[in-house]
Structures are given as structure tokens and as C-alpha cells.
Amino acid sequence: MELLRPSSADEAAAALGNGSVALAGGTELVPLLREGLVRAETLVHVSEAVPRGIDGTRIGAGTTLAELEVDPQVPQALREACSLAASPQLRSMGTVGGNLLQATRCWYWRLGFDCWLHGGEQCFAKDGAHREHAIFGHELCASAHPSDVAAALLALGATLRTTRRELPIAELYRLPTADDRSTTTLAPDELILELDVPSPDASTYLKAMDRRKWAFPLVGVAAVRAGGGVRIALAGVAPIPWTLDAPAALDDATPLPGTAYKVEIARALVRRALALVGDSPRSP
Ligand SMILES: Cc1cc2nc3c(=O)[nH]c(=O)nc-3n(C[C@H](O)[C@H](O)[C@H](O)COP(=O)(O)OP(=O)(O)OC[C@H]3O[C@@H](n4cnc5c(N)ncnc54)[C@H](O)[C@@H]3O)c2cc1C
Ligand code: SF4
């Protein structure tokens, strides 16, 4: 396997695709390569090609979660989401760009089962073990998006700048379909360079997990008060980060037998998060 270290974003993007993948902190990619879940002939190390650091509302995609969680320029919801993610060691290696693109934690997928998301015929989780899985958007794949950070950025109304375009973070994600089973809209040779995260009036991120520390979200709730309204986004409830138009939208959840408990957790966390940001949400 070859390792490239391009010094500019253009050079890095030109080296991507055709069997090469971007490598940032490697906390997600290296285990996937080791397990054979991602195959690559060339790794393109992007540490010198992607901006790192925080300047007002602009955040380089190469900024680590550890840097984000302590910077007072960063909105509280994002700081809290980072500080509740993974372990201190992983947060000091893992970048925000890599966090947004992490793969599902579904064990069928991670163990290499030929499930629907891997190109097979069937979602094994739906009839099998699915306690950590979705309550929304699971028609074809019942996985639950694991990124605390993405939910916080979604509620904050962040936009991304890539080597090709600018887009609201909501447009980075898509529910997989029979024609295209990917959960993001990022092209194989496209790099996330920077995020713009508007400053809210108030924001918070709350997370329910199996352990008090170092666990993926069973349910994560970001609430943001800005511009006279409140936005809510959830982690751990759908194959992609999920916008909740209002608390009552939880009545539309379609939990699996083993995930019904998540609806009640989400209700409690949404209630608490809204109290913390000092507002009630816009009507649906
Ligand atoms: C044990 C464990 C527990 C964790 N717990 C949590 C948790 O509770 N909550 C949470 O939110 N996250 C959690 N994570 C995820 C962790 O935060 C991510 O692994 C990390 O942020 C990924 O960043 P990285 O720089 O290491 O990415 P890499 O591993 O280098 O890359 C990850 C993916 O992103 C792509 N990529 C990286 N940077 C770019 C870029 N700039 N442009 C385009 N593509 C890019 C890579 O090609 C790869 O596909 C956990 C991870 C582990 C291993
Ligand atoms: S939830 Fe998605 S990743 Fe998990 S078994 Fe079903 S199709 Fe595969």
C-alpha cells in the first residue's frame, strides 16, 4: 500500500478516487482497513492539505475533537458533543472531517456480514439484534448514525466547504436507496476543507449512552436557539443525523421492537435540552 502526503487540497483531491482514500487521524479508517471493510491501494494523508484550527465561525476540517471541545469560540452544543465522544486519546487524534464521515457501528456491517448496506439482499439487524438501531428512516437499512458531532452541527445550521462546493451539512447526508447505498453525497475524490458554524443565542448537546463515558450515542439530542427559533437534531436514531421539526415529531417514529425505548429517551432528552436553551420549538 502506498502513502501520499500532498501539500495542497488540489493535489490531494487529484490523488483521490481510483482505489485511493483520504486518511486524517486514522482512528476510523485504520480499523476498517485492517478488517478489510475498506480496500485501498493508496492512502492520501490530508494533514497538510486540509485546514486545521478555529477562527471565529470557521473551523478547519482537520481540527481535532480535543481542540474543539476546549475552544470558547466554538458553540456549546459542538463543544459538548465533542467532549462526550469517544475517549480523550481518540479525540486528540480524530478530526471533525473524519468524524462526519465515520461508518455505521452496526455489528453486522462491522463483522462483514453480506447485509443490505454491504450490497446484499437483506438487513439482518431488523430481524436480529437491533437494540442500538434506528427509530426513523430504516426502510432499507436500520443503522443508527453514530456521530454526536454531526447532530450538533446539523442543529447549529453549519455549512461545509469542500474541494467542489459549499453545502449545508444536511446535504452531506442522504438515506441510502436501492440505486445508491451510500449515506453521504461526498464524491470519492472530494475533500471536506472547512466548516462554517454560525454562533447561536444558546445551544446544548445531551447524550444517552450505555456507559457514562466513551460510548456511542444510544440517543443524542442537540438543541439550538437562534434567530427567534429553535432547531433540534438527533444522533443514534436513523442511518443519518436526523432533524426533528418539533418534539411532537417523535410521535411519528417507527421504532423496531428493540428500539422503542429510544423514543422515550429522546422525548426526555429533547424536553431537557429545550429547557436548557430556554425556549420552546417552532410549531411543525
Ligand atoms: C472506539 C471509538 C469510539 C468512538 N466514539 C464516538 C462517539 O461516541 N461519538 C462520535 O461522534 N464519534 C465517536 N467515534 C468516532 C471518532 O470521533 C472518529 O473515528 C474520528 O473523529 C474520525 O476522525 P479521523 O480524523 O480519525 O478520521 P479517519 O479515520 O482518518 O477518516 C475517517 C473517514 O473520513 C474520511 N476523511 C477524513 N477526513 C476527510 C476530509 N477532510 N475530507 C474527506 N474525507 C475525509 C476518510 O477517508 C475516512 O473515510 C469513536 C471512534 C472510535 C474508534
Ligand atoms: S442495519 Fe444496515 S448495516 Fe446493519 S445489517 Fe441492516 S443493512 Fe446492514
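**Exercise 1. Find the residue of strand 10 that stands opposite A202, then follow the pairing of strand 10 on both sides.**

Solution. 
- Step 1. A202 faces R225 of strand 10. The model is a predicted one.
- Step 2. Strand 9 covers residues 202–208, and seven antiparallel bridges link it to strand 10.
- Step 3. Turn to the other partner. Strand 10 also runs antiparallel to strand 11 (residues 229–235), again over seven bridges.
- Step 4. Pick a pair there. A226 stands opposite G229 in strand 11.
- Step 5. Look at the turn. Two residues lie between strand 10 and strand 11 in this hairpin, and G227 adopts a positive phi near 55°.

**Exercise 2. Decide whether strand 10 is mostly covered or mostly open.**

Solution. 
- Step 1. Take residues 219–226, which make up strand 10.
- Step 2. Apply the cut-off: a residue is buried if 20 or more other C-beta atoms lie within 10 Å of its own.
- Step 3. Seven of the eight residues are buried, and strand 10 is mostly covered.

**Exercise 3. Work out the strand order of the open five-stranded sheet, and say which strands stand at its edges.**

Solution. 
- Step 1. The order is 4-5-8-6-7, and the pairing is antiparallel.
- Step 2. Strand 4 (54–55) and strand 7 (166–168) are the edges; each has a single partner strand, so one side of each has no neighbour in the sheet.
- Step 3. Strand 4 pairs with strand 5 (residues 58–60) through two bridges, in the antiparallel sense.
- Step 4. Name a facing pair. I54 lies opposite I59 of strand 5.
- Step 5. Recall the general rule: strands of a sheet pair through backbone hydrogen bonds.

**Exercise 4. Describe the shell of residues around ligand 1.**

Solution. 
- Step 1. Count the shell: 31 residues surround ligand 1.
- Step 2. List the closest: A24, G25, G94, G97 and G98.
- Step 3. Assign elements. Strand 2 (20–23), helix 5 (88–93), helix 6 (96–100) and helix 9 (148–156) each give at least two residues to this shell.
- Step 4. The shell holds 19 nonpolar, ten polar and two charged residues.

Key. Residues are numbered from 1 along each chain as its sequence is written. Chains are lettered from A and ligands numbered from 1 in the order in which they are written. This is a predicted model: local features need pLDDT of at least 70, side-chain atom pairs count only at pLDDT 80 or more; totals for chains, interfaces and linings use all residues. Two strands pair if DSSP finds at least two bridges between them. Helices (H or I, at least four residues) and strands (E, at least two) are DSSP runs, numbered from the N terminus. A residue is buried if 20 or more other C-beta atoms lie within 10 Å of its own, exposed if 12 or fewer, and partly exposed in between; C-beta atoms are placed from the backbone. A residue is near a molecule or strand if its C-beta atom, placed from the backbone, lies within 6 Å of it. Ala, Val, Leu, Ile, Met, Phe, Trp, Tyr, Cys and Pro count as nonpolar, Asp, Glu, Lys and Arg as charged, and the others, Gly among them, as polar.
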